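Hello,

Here is the structure I promised to pass on. Please have a look, and then read on for my notes.

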Amino acid sequence: TDTFTMTGTSFTDVTGMSQSITPSATNSKILIIVQLSHASSGDYGAGVKILRGSTDIYIGDDASPRYRVSTPVPAIGTNGNYNNLSASIVYLDSPNTTSSTTYKLQARSGDANRLYYLNRSANDASADSSVNRGASSITVMEIGA
């Protein structure tokens with residue numbers, strides 16, 4: 001439920017959004033369920049991707065110079081700065097290991113001067129009762145072969 005804010009076009013680990021699991025068999029699948037309450041500032045969308053360790057998984061096709069994500073955070077414009085957007089990601093991974101495996105989220109903004117927010121809106125004025133905050137989670141579970 002903690003808030004997280006980052007700026008820039010380099011993918012950055014999202015604090016609090018990682019989970020480790022140790023599969024019992026190499027042919028086990030890992031079900032990853034992510035629920036996000038997030039926002040981006042201004043007219044440039046942001047994006048979030050899932051990684052297994054340092055490897056991108058479940059991302060869009062390469063179409064350079066576009067960046068590849070698991071789910072976009074649409075640009076909501078200045079008038080949308082009071083809104084959080086909800087997103088869900090569900091993916092069945094095949095890590096092929098019995099070693100401890102960490103799944104995590106990384107985010108980036110669509111523009112170097114714009115921001116990505118988790119569990120809050122772009123306008124998070126403490127004295128404004130029309131602004132809300134959300135909660136996000138990442139769950140991983142082993143699915144036996």
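Where is the place of Tyr58? Tyr58 sits in the loop between β5 and β6 (strands are DSSP runs of E with at least two residues, helices runs of H or I with at least four, numbered from the N terminus). Although Tyr58 is not a glycine, its phi is positive, at about 50 degrees. Tyr58 is partly exposed, with a relative accessible area of 40% (buried means under 20%, exposed over 50%, partly exposed in between, with a 1.4 Å probe and protein chains only).

Pro65 also lies in the loop between β5 (55-57) and β6 (71-73). A cis peptide bond with omega of about 15 degrees links Ser64 to Pro65. As a reminder, most residues other than glycine have a negative phi, and most peptide bonds are trans.

Asn96 belongs to the loop between β7 (85-93) and β8 (101-108). Its phi is positive too, about 55 degrees, and Asn96 is not a glycine. Asn96 is exposed, at 56% relative accessible area.

Of its 145 residues, 41% count as buried. Among contacts with a separation of 6 or more, 82% are between residues 24 or more positions apart (contact means heavy atoms within 4.5 Å).

Two notes on the basis: this is a predicted model, where local features need pLDDT of at least 70 and side-chain atom pairs count only at pLDDT 80 or more, while totals for chains, interfaces and linings use all residues. Residues are numbered from 1 along each chain as its sequence is written, and side-chain values use heavy atoms, leaving out hydrogens and water.

Best wishes
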